[in-house]
Amino acid sequence: MNARIARPTAATALAAAMLVSLSACGGEEATAPSGKVVVAGVEIVKNQKLHDLLPEKIRKAGEVRVATDVPYPPFEMFVKEGEPTLTGLDYDLGQALGAKLGVRFAFTPQKFDGIVPAIQAGKFDVAMSAITDNKERQKVVDFVDYSQSGSGVLVAEGNPSKVTTLDDLCGRKVAVQTATNQLDLLKEHQAACEKAGKGKIDIQTFPKDSDAQLALRSGKVIAQVLTKPAAGWVAKTADDGKAFDLAEDPAAPGGYNASPNGIAVSKDLPQLTEAIQKALQELIDDGTVVAVYGTYGVASIAIKEATKNAAVD
């Protein structure tokens with residue numbers, strides 16, 4: 001399933017280790033980052049040339065106004081429920097981008113369906129909220145693509161059933177949430193199972209991801225199929241990482257039927273799009289992106305090139 005089609009089960013957030021606090025909550029006074037900034041164990045150094053690419057109004061303000069829909073783990077979460085401080089993959093990446101560009105990425109919670117209209121209205125400059133880059137959205141915003149997200153396979157700790165690919169699910173009981181793209185994926189794979197002579201997947205449907213995970217815990221199924229970012233986060237956090245593992249198919253590093261997730265940028269700010277794209281590429285090249293994603297158990301969804309408007313639909 002693509003990002004932002006169904007929400008994964010909420011999980012307790014882990015704050016990223018940083019030597020300089022860059023927590024951004026709605027209403028805080030804007031200040032550009034100063035001093036040493038460390039995100040996911042990597043020190044980020046400002047690139048003055050990229051800073052100079054920014055639109056004048058953003059350089060003067062010292063901030064990029066970022067819309068995000070919280071919670072949607074592992075992309076965006078609250079450090080503590082009931083308090084406004086944010087964490088998550090998107091938030092940490094935003095802090096790294098801000099440090100590279102020499103401005104602050106100031107995150108403000110916004111309902112998901114209102115994010116793009118708010119950018120169009122000039123309320124925000126960008127959005128970082130696990131947004132699938134698609135051609136319909138490209139009509140009103142530009143995207144800098146930073147990850148790929150599809151369906152993943154969650155298995156019991158130690159992967160006792162030796163699951164690597166979808167073919168390994170043939171003839172076996174597999175859990176999935178009802179009315180999801182993951183259910184469609186399993187149904188579509190039935191023909192391949194039969195052709196291989198392995199028997200159809202015994203699909204067990206559940207109303208919630210948490211119910212499917214309970215079935216996996218109890219041994220009623222050998223795997224659960226859900227969004228890969230959610231699967232990686234559950235594997236990392238459930239029972240302190242001792243309950244589940246994420247099966248990794250080398251042929252589908254971003255997950256099955258993966259689509260790009262993008263940072264949505266106002267079409268009125270082409271200079272900002274260029275600066276973000278170049279800053280992101282530097283963070284990819286120096287290993288920061290993989291380090292950030294690895295913090296949330298999903299290093300494999302990282303991409304090697306910061307593309308622009310790379311929708312696959």
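Tutor: A disulfide is taken here as a pair of cysteine sulfur atoms within 2.5 Å. The model is predicted, so local features need pLDDT of at least 70 and side-chain atom pairs count only at pLDDT 80 or more, while totals for chains, interfaces and linings use all residues. Residues are numbered from 1 along each chain as its sequence is written, and side-chain values use heavy atoms, with hydrogens and water left out.

A search of the whole structure gives one disulfide. Its partners are C170 and C193, with sulfur atoms 2.0 Å apart. The angle about the S-S bond is -75 degrees, and the link of C170 and C193 is left-handed. C170 sits in the loop between β8 and β9, and C193 in helix α6 (residues 181-195), so the bond ties together parts that are 23 residues apart in sequence. Helices (H or I, at least four residues) and strands (E, at least two) are DSSP runs, numbered from the N terminus. C170 and C193 are both buried, that is, under 20% relative accessible area, where exposed is over 50% and partly exposed is in between (1.4 Å probe, protein chains only).

Strand β9 (173-177) also meets helix α7: the buried residues of α7 pack against β8 (141-156), β9, β10 (202-206), β11 (223-227), α8 (228-237) and β12 (244-247), contact meaning heavy atoms within 4.5 Å. In α7 (residues 209-217), the buried residues are D209, A212, Q213, A215 and L216. Seen down the axis of α7, these residues fall within an arc of 155 degrees, so they line one face of the helix; the arc is that of the directions from the helix axis to the C-beta atoms. Just after α7, G219 has a positive phi of about 85 degrees.

Rings of Phe, Tyr and Trp (its six-membered ring) pair if their centres lie within 6.5 Å; planes under 30 degrees apart are stacked, over 60 edge-to-face, and the rest tilted. One of the pairs is Y91 with F107, edge-to-face at 5.1 Å centre to centre and 65 degrees between the planes. Y91 belongs to helix α3 (residues 89-101) and F107 to strand β6 (residues 104-109), so this pair ties together parts 16 residues apart in sequence. Y91 and F107 are both buried. The ring centres of W233 and Y296 are 5.5 Å apart and their planes are at 40 degrees, so that pair is tilted. W233 is in helix α8 and Y296 in the segment after α10 (288-295), so the pair ties together parts that are 63 residues apart in sequence. Both W233 and Y296 are buried.
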